[in-house]
Structure formats: structure tokens, C-alpha cells
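Here are my notes for your review. Please read them beside the model.

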Amino acid sequence: MIITLSIVAAILSIGYGAYLSTKIVNLPAGEGKMVGIAKAIQEGAGAYLNRQYKTICLIGAVVFVLLAAAFKNFDIALGFAVGAILSAVAGYVGMNISVRANVRTAEAARRGIKEALAVAVKGGSVTGLLVVGLSLLGVAGLYAATKNLNYLIGLGFGGSLISVFARLGGGIFTKAADVGADLVGKVEKGIPEDDPRNPAVIADNVGDNVGDCAGMAADLFETYAVTAVAAMLLGSLTFSGAQNAVLFPLAIGAASVVASIIATFFIRLGKDNQIMRALYKGLLAAEILAAVSFYFITKWLFGDLANFLNFYFCALIGLGVTAAMVMITEYYTSTKYKPVRHIAKASETGHGTNVIAGLAVGMKSTVAPVIIIAAAIWGAYALGGLYGIAVAAMSMLSLTGIIVTIDAYGPITDNAGGIAEMAGLPKEVRDVTDPLDAVGNTTKAVTKGYAIGSAGLAALVLFSSYTQELAKS
């Protein structure tokens, strides 16, 4: 029943993402220069991903053969292929929607900030819902087909292969294009960031999509899938013969998928027009819905197996870490708070003080996340041992859908601002896209903080499952 519900939730997430895709494509995309610029961004992003995936495909084929030969069966190799394909699909489809939502966001900005925000959030939701939906579908579907946890290891390995190329390759492309565009434009020629006279601007806009959309999607797909598999393995080792402990990670994943879908409807601008607050309404809604559903799920599955409240509190720790990482990252990256304003002030006196202030703030910003993660590990272990840490990690990653939605919003609004500038749209349009873009820079940073924090917990869970399996054998 739990496996079936997980698969249904995953299909619901993918289906809703597909529905949003059709809604976005049918929106007006502007005219004239807007269409031509958007087309150039689409072609550049498509060319990059196509070339990257050709390379990954060749490497993946070799690894597939080696896995099949090493284990003398195709089950783990098949899991590897499934993980790689699903991860690639999530990033590829999500990015292709992002490079179409950008120009439609710019066009919607003619009508106001509320309309532009709605388009950008819909575009981000496609990537977020595909990532979590395909991850959950891969893990639950493969387990339903094989009934063997060991075969799921291959799925995580396949997702990791895509993640290495997409995240690192896309990230390097993004920063190289961004810095290159800034050097030739703002430093050498003294022209605005998105000035149409700067040919590097297209590469800069392409980089936002291949790095912060496709790359982040692959990164969190891999972390989600690997953590789910490791948690299921620890459940089987900690509670020998208790299937409920094995399926619990899938259950909280399914509940959070539904919570993330519902949460997207809460992302609405208030009377104060605070964009970040509107996005956080969605995240807060997802956290509350997940917390409530986790209580009933934990009681249902652990009522006769152990003290269910211990594992429920472990799940709450995971949700709490998510909230803490988001708040800490926003504090250090948002223009509203002291750290960014301090760096801006230091920039007035030259490059040296800018670098010193930036390094100081960057180093200082790592302290609180390390303390939060360490405290979460200690608390979860005290409540539920190694399996408790796995539950906390899975709980944190179960919100991947809404987190990636907020992340993918960033490159869409960044591109929308660039298209508005290059197409020479009225100042009123830039007055809408600029604040959307400023918030997008913060949301991209927030997601990176979330990804790093969840990866820290996931790494501990992976090592734990490995050592426990080794001790058992």
C-alpha cells in the first residue's frame, strides 16, 4: 500500500508539472527582439546540454557494461541506467521550460509584478515537481519491481553520475560566462550588465539555466534518491524483518510531494508586495503540511514497532534544519540585511576592501550552518540512533520539490531582466523585473545552502548504511 501510494504521489507530481508546462507554453511570449533574444538563449542552453549529455551517455554506457559484468546480472546495472535517465530527464525538461518561461515572465511584467511572479513561480514549479516526482518514482518503482534494496544502490549511482557532470559542468559554465560578461561589459566598456552591445550576455543567461536549473535539479535528484535508499537500508538493518521501517522514507517522501504541490498555491504577493515573503509563504505551507502528515504516518507505521514519537521528532528535526538553513542563508545574501550592506559599503573604497569584506562575511556565514547540522545529528541520534539521523535527512530532503521551485525561479527572473534590457522594453518593465531578479539571487543562494546541508546529513547516512551492512556481512 505504501509503495502504491508513493508511486501515485510521484505520478501526481510529474503530471502536475506537465500541466504547468502546457500552461506556460501557451502564455504570450512577446514580440520582436524579445522573441529573438529568447530564441538565442534557448539555442545556447540546448546546445550545451545536448553536448554534455552525449558525453555522459558514452561514459554511462561503459559504466553500465562494467556493472553488469562485475555483478553478473543486469539488476544493479538496470538501476544505474534508470537513475541516470530519470535525473537527466528532470534537468533537461525543467531547463527547457525555464528558457521559455523567462520571456513570458518579461512579457507578463508589462502587466505588473504579481503577474510576472506568477509566471516565474509556475516555471520553477515544473523543475521542482519533476525532480521530486521522478526521484520518488524511481526509488519506489524499482523497489516494487525488484523487492531488493541492493538493486536500488545502482539507481543512486546513476543519479550521481549525472549530478557530477551537470552540477560541476553547469556551475563552471555559469560562473565563467557571468564573470566573462562582467569583465568585458562593466569593467572594460563601462556598459550595463545586460546591455545588448555585449555579446557575452547571451552566454551569461544560458549559464543561469544550465547551472542553477539543470545542474541543481541533478544535484538534488541524486541526494534525494541516495538518501532514500540509504534510509531504507538502515531501516532493514535496524529493524530486522520490519517492512514498515523500510518503507517509512517512501511514506514521508510521498506526503511531502503532495504538500509541495499544495504549497505552490500559497505563493502569492501580499499588499506589501514583498516577493521573498510570498515565496516563503509556500515554503512555510509545505513545512506545516509535512509536519502534520508526518505525525499520522509515523504513528501508523511505528505504533507497534517502537516509540513513534522519537522518530516523529527526528522528522521534525529535518524540517527544522531546512528552515534554519534557509533563514541563515537569506541573512547572509539578502540585500535587506547587514552582511550584504557591509560588503557594498566596503566596495566604495576599492577592490581590496571589497575582497576582504566578502571573504570575512563568507567565512563567518559557515559557522551557524555547521552548528545547526551538528546539533541535528546529535539530536536525531539521541532519539533514534543511526536510523533517526536517516529519518531526519529524508525529512529534510522530502521538501526538495518546493525548494527547487524557489531555486529555479531565480534563473527565470534573471533571464527576464536580461531580455527586458536587451529588447529595450520600457523602464516600467525593468522596474518589475529588477526586484524579481534581486530576490532570485537570494533564492539561488538559499537552495545552495539547503543542498549542502542536506548533503552533509546524507553523507553520514550513506557511511552509516555502508558500515552497518559491512558489519552484518
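1. Burial terms come first. Buried means under 20% relative accessible area, exposed means over 50%, and partly exposed lies in between (1.4 Å probe, protein chains only). This is a predicted model: local features need pLDDT of at least 70, side-chain atom pairs count only at pLDDT 80 or more, and totals for chains, interfaces and linings use all residues. Residues are numbered from 1 along each chain as its sequence is written, and side-chain values use heavy atoms, with hydrogens and water left out.

2. Salt bridges. The term stands for a side-chain nitrogen of Lys or Arg within 4 Å of a carboxyl oxygen of Asp or Glu. By this rule there are seven salt bridges.

3. The pair E330 and K336. These two residues form a salt bridge, with the closest N and O atoms 3.9 Å apart. E330 has 7% relative accessibility, so E330 counts as buried. K336 is partly exposed because its relative accessible area is 45%.

4. The pair R167 and D219. Their salt bridge has its closest N and O atoms 3.6 Å apart. R167 sits in helix α5 and D219 in helix α6 (residues 200–238), so the pair ties together parts that are 52 residues apart in sequence. R167 and D219 are both buried. On terms: helices (H or I, at least four residues) and strands (E, at least two) are DSSP runs, numbered from the N terminus.

5. The pair K427 and D431. Their side chains meet in a salt bridge at 3.0 Å, N to O. Both belong to helix α14 (residues 427–472), and being four residues apart there, K427 and D431 are separated by about one helical turn. K427 is exposed, at 61% relative accessibility. D431 is partly exposed, with a relative accessible area of 43%. Elsewhere, salt bridges that share partners join E421, R430 and D434 into one network.

6. Surface patches. Patches are made of residues with over 30% relative accessible area and no salt bridge; like charges are joined within 9 Å, and nonpolar side chains (Val, Leu, Ile, Met, Phe, Trp, Tyr) within 5 Å. Accessible areas come from the Shrake-Rupley method with a 1.4 Å probe, and for residues only the protein chains shown count as cover.

7. The positive patch. K23, K114, K122 and R268 form it. Lys and Arg count as positive and Asp and Glu as negative, while His and the chain ends are not counted. The place of a charge is taken as NZ of Lys, CZ of Arg, CG of Asp or CD of Glu. K114 lies in helix α4 (residues 113–146). K114 counts as exposed, at 54% relative accessibility.

8. The nonpolar patch. L12, V258, I262, F265, F266 and L289 make a patch of about 510 Å². L289 is placed in helix α8 (residues 275–302). With 33% relative accessibility, L289 counts as partly exposed.

9. Cysteines. C57 is exposed at 53% relative accessibility, whereas C314 is buried at 0%.

10. Spacing checks. G185 is in helix α5 (residues 149–189) and is buried at 1% relative accessibility. G185 and V206 are 21 residues apart in sequence and 17 Å apart in space, C-alpha to C-alpha. L137, in helix α4, is partly exposed at 25% relative accessibility. L137 and A420 are 283 residues apart in sequence and 38 Å apart in space, C-alpha to C-alpha.
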